[in-house]
Amino acid sequence: MDSIEPDDLYEERGQVSYCRPILQGDIFEGVLLAGFGDEPFEVQIVTHPCSMRRGPVLNERIQVAPITSYQKVPDWNGHGRVMPLPDLHEDGIWYATRFVDLTAVAAAELTIQRRIASLSHPGIHVLQQRLVFHNTRLSLPLGDFREMSAPVLAEAEMQELWIEATLPEDERTVDAIERAGTDFQAWLSEDDGNRRKDLANEANYARLRKDARAAASAHH
């Protein structure tokens, strides 16, 4: 399995943009897990992006796994039961997501205010690779995960772009962000769904981003 440096693993740490849709790999604090006692946990979303929402709306329950402090992992080919999280809090300490304790929480627990880190696209691919290995002992190349995840990650990227373009920073409340996300999804479904179909081919992404920017500007 592939290793990845902290600066390449994380998209953001500490404060994550509210405009970014909640995605696989996102890390939250203060989450209570049924059957794990009364202490809140840090957790990481492990649900694939295609399986966690209907349009802009999250499913009622989302699969997560708890995070604990962990030993430094020099060889990422080992430790198949965890997703290493080096320097998660930028204090030099290693953490890890424990796949053996995978569970589910109400989506309402996973608020953008509780989100403390997000993964880069390569980081999400590494997480997916390790999840598949944990469940099947099959190690697949990262390129396979990149190819399969490209449409949904591109969609999330365009939704973030849309929200940033339509909402000034001082107007980015939770409700306003949700409405803007709904507007983006409606735009994506226009034209008989051809824009969604175009997400299947990376060659279309530059044009779709340009069209999204133009539509967002007109919408604003």
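Visitor: Which residue in β3 stands opposite Ile27?

Guide: The residue opposite Ile27 in β3 is Gln44. The model is a predicted one, in which local features need pLDDT of at least 70 and side-chain atom pairs count only at pLDDT 80 or more, while totals for chains, interfaces and linings use all residues. Residues are numbered from 1 along each chain as its sequence is written, and side-chain values use heavy atoms, with hydrogens and water left out.

Ile27 belongs to strand β2 (residues 27-31), which pairs with strand β3 (residues 41-45) in the antiparallel sense over 3 bridges. Strands (E, at least two residues) and helices (H or I, at least four) are DSSP runs numbered from the N terminus, and two strands pair if DSSP finds at least two bridges between them. Strand β2 is also joined by 2 bridges to strand β10 (residues 115-119), again with an antiparallel run. There, Ile27 has Ala117 of β10 as its bridge partner.

Strand β6 (residues 61-69) runs antiparallel to β8 and is joined to it by 3 bridges, with Thr68 standing opposite Ala96. Strand β7 also pairs with β8 in the antiparallel sense, over 5 bridges, and Met83 has Thr97 of β8 as its bridge partner. Of the 5 residues in β8, 4 are buried, which leaves the strand mostly covered; buried denotes under 20% relative accessible area, exposed over 50%, and partly exposed the range in between (1.4 Å probe, protein chains only).

The loop between β7 (82-86) and β8 (94-98) holds Glu90. This residue is exposed, at 52% relative accessibility, and has a positive phi of about 55 degrees although it is not a glycine. Most residues other than glycine have a negative phi. Arg137, in the loop between α2 (121-136) and α3, likewise has a positive phi, near 65 degrees.

The whole structure contains 12 salt bridges, each defined as a side-chain nitrogen of Lys or Arg within 4 Å of a carboxyl oxygen of Asp or Glu. One of them joins Arg20 and Asp26, whose closest N and O atoms are 3.8 Å apart. Both partners are covered: Arg20 is buried at a relative accessible area of 7%, and Asp26 is buried at 0%.

Glu155 and Arg196 form another salt bridge, with a closest N to O separation of 3.7 Å. This pair links distant parts of the chain, since Glu155 is in helix α3 and Arg196 in helix α5 (residues 194-198), 41 residues apart. Glu155 is buried, at 17% relative accessibility, whereas Arg196 is partly exposed, at 31%.
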